[in-house]
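Please follow the account below with the model open beside it.

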Amino acid sequence: MGLGLSACDKATEATALAPVEIDRSTSCELDGMLLADYPGPKAQVHYVGQAQPSFFCDMVELFNTLLAGEQVRHASAIYVQDMGQAEWEHPIGHWIDARTAVYVLGSKRHGSMGPTIASFAQETDANKFAVEYGGKVMRFADIKPDMVDLSGGASHDTRM
């Protein structure tokens with residue numbers, strides 16, 4: 001009996017951890033911005049014990065949250081959008097595992113909060129993007145807290 005329940009729980013957990021598509025009402029966990037209204041890659045984090053994922057309208061916000069020293073929630077799954085497939089101005093779908101994605105930091109492309117981090121499933125797409133828009137190609141584990149500082153606000157405008 002316990003074995004059957006365990007298998008059922010695992011199936012429910014796997015379904016719960018699948019990426020959830022954004023819609024016109026999906027808002028950012030940090031600032032309440034509507035994700036569908038802004039360009040650039042989005043992210044979602046599935047936290048242990050939380051039924052619905054937390055969404056982020058900007059990749060800098062995602063990494064700032066994940067790398068915060070005081071972060072105590074455990075992430076079961078983290079998804080970002082593959083910008084090698086999704087349209088930059090209106091990204092929909094193309095969710096990939098954030099931990100295996102390839103990122104470009106420091107490009108000329110902007111997201112909802114100004115300069116952002118682009119995410120890709122394929123390193124070749126990341127390299128092509130970096131050649132066209134500038135920036136440095138990096139892996140998830142290489143992104144450090146000082147690279148995703150939000151203390152200056154949108155576009156790192158220190159006048160805020």
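Two residues are said to be in contact when heavy atoms of theirs lie within 4.5 Å. The structure is a predicted model, and in it glycine 40, not counting residues up to four places away in sequence, touches Gln81, Met83, Trp88, Pro91 and Gly111. Glycine 40 is found in the loop that runs between helix H1 (2-16) and E1, and because its relative accessibility is 0%, it counts as buried. One of its contacts is Trp88; the C-alpha atoms of glycine 40 and tryptophan 88 are separated by 5.0 Å, although the two residues are 48 residues apart along the chain.

The chain as a whole provides the setting for this residue. The protein chain has three helices and nine strands, and from the N terminus on its elements follow the order α-β-β-α-β-β-β-β-β-β-α-β. Of the 160 residues in the protein chain, 40% are buried, and among the contacts between residues at least 6 apart in sequence, 61% join residues at least 24 apart.

Beyond the loop that holds glycine 40 comes E1, a strand in which five of five residues are buried. In a regular strand the side chains alternate between the two faces of the sheet. In E1 both faces are covered, with Ala43, Val45 and Tyr47 on one side and Gln44 and His46 on the other. E1 pairs with two strands: three bridges join it in antiparallel fashion to strand E2 (residues 54-56), and five bridges, also antiparallel, join it to E3. E1 and E2 together form a hairpin with six residues between them, and glycine 49 in its turn has a positive phi of about 80°.

The helix H2 is next. Seven of its eight residues are buried, so H2 is largely enclosed by the rest of the structure; the buried ones are Met59, Val60, Glu61, Leu62, Phe63, Thr65 and Leu66. What covers them includes E1, E2, E3, E5, strand E7 (114-115) and strand E8 (118-120).

The largest nonpolar core has 21 residues, and those with the most contacts inside it are Val45, Met59, Leu62, Phe63, Val80, Tyr103 and Ile117. Two or more residues of this core come from each of strand E1 (43-47), helix H2 (59-66), strand E3 (75-81) and strand E5 (102-105), and H2 gives the most, with five residues. Leucine 62 illustrates the arrangement, for it touches Ala43, Val45, Phe56, Ile78 and Val80, not counting residues up to four places away in sequence. Apart from this core lies another, of ten residues, among them Trp88, Val102, Val104 and Phe120.

Finally, consider the open space. Rolling a probe the size of a water molecule over the atoms shows where empty space is left. The largest pocket holds about 150 Å³, and its lining consists of Met83, Gly84, Ala86, Trp88, Arg109, Phe120, Asp125, Lys128, Phe129, Glu132 and Tyr133. Helix H3 (residues 123-133) supplies the largest share of this lining, five residues. By class, the lining has six nonpolar, one polar and four charged residues. Trp88 and Met83, which belong to this lining, are also among the residues that glycine 40 touches.

Notes. Residues numbered from 1 in each chain as written. Predicted model: local features only at pLDDT ≥ 70, side-chain atom pairs only at ≥ 80, totals over all residues. Heavy atoms only, no water. Core = buried A, V, L, I, M, F, W, Y, C linked by side-chain atoms within 4.5 Å. Buried < 20%, exposed > 50% of the residue type's maximum accessible area, 1.4 Å probe, protein only. Helix = DSSP H or I, 4+ residues; strand = E, 2+ residues; numbered from the N terminus. Pairing = 2+ DSSP bridges. 1 Å grid on protein atoms, 1.4 Å probe; cavity = no way out; pocket = protein on both sides within 12 Å on 5 of 7 lines; lining within 4 Å. Points joined across faces, edges and corners; volume = space filled by probe spheres on them. Nonpolar A, V, L, I, M, F, W, Y, C, P; charged D, E, K, R; others polar.
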